[in-house]
Amino acid sequence: MNESREDYLETLFVLNQKYPNSVRSVDVAKMLGYTKSSVSRAMTILKEEGYVTCDERGYLVLTNLGKDLAENIYEKHQILSTYLQKCVKVDKETAEADACRMEHIISEITYQKIKELVLQV
């Protein structure tokens, strides 16, 4: 899965936490700062891949597969952001931005070691 698709899934997950079962493509576009057409194309791909469905009202719903993946991505983002803030002592804004980039490229071994460290702090 590429970085862009992971960002869409994570955004859907976060929005669905705030607004259960009432997230539309326009909400995703606003949160990410993307055009509606870009989000629409991405949602079509995510639907085809089995990560997202759209109900009769036009609300986007993560499938079990999509939710599992999105939860993992979100957790990784949170762990990395916490690590950067608490262990590296960078400000929250920088930590959030860096965690967003790091979550896509970090190895599983390194991530697990960072996660262990964060959970001990």
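Predicted model: local features only at pLDDT ≥ 70, side-chain atom pairs only at ≥ 80, totals over all residues.

Reply: Residues are numbered from 1 along each chain as its sequence is written, and side-chain values use heavy atoms, with hydrogens and water left out.

Me: What volume does the largest pocket have, and which residues line it?

Reply: On a 1 Å grid over the protein atoms alone, a pocket is an open set of points where a 1.4 Å probe fits, with protein on both sides within 12 Å along at least five of seven lines; lining residues have an atom within 4 Å of a point. Points are joined across faces, edges and corners, and the volume is the space filled by probe spheres set on them. Here the largest pocket holds about 250 Å³, and its lining includes D7, E10, Y74 and H77.

Me: Which helix gives the most to that lining?

Reply: Helices are DSSP runs (H or I, at least four residues), numbered from the N terminus. Helix 1 gives the most to the largest pocket, with four residues.

Me: How is the lining of the second largest pocket divided by class?

Reply: Ala, Val, Leu, Ile, Met, Phe, Trp, Tyr, Cys and Pro count as nonpolar, Asp, Glu, Lys and Arg as charged, and the others, Gly among them, as polar. The second largest pocket, of about 180 Å³, is lined by four nonpolar, two polar and five charged residues. Helix 4 gives the most to this lining, with five residues.

Note on methods
Helix = DSSP H or I, 4+ residues; strand = E, 2+ residues; numbered from the N terminus.
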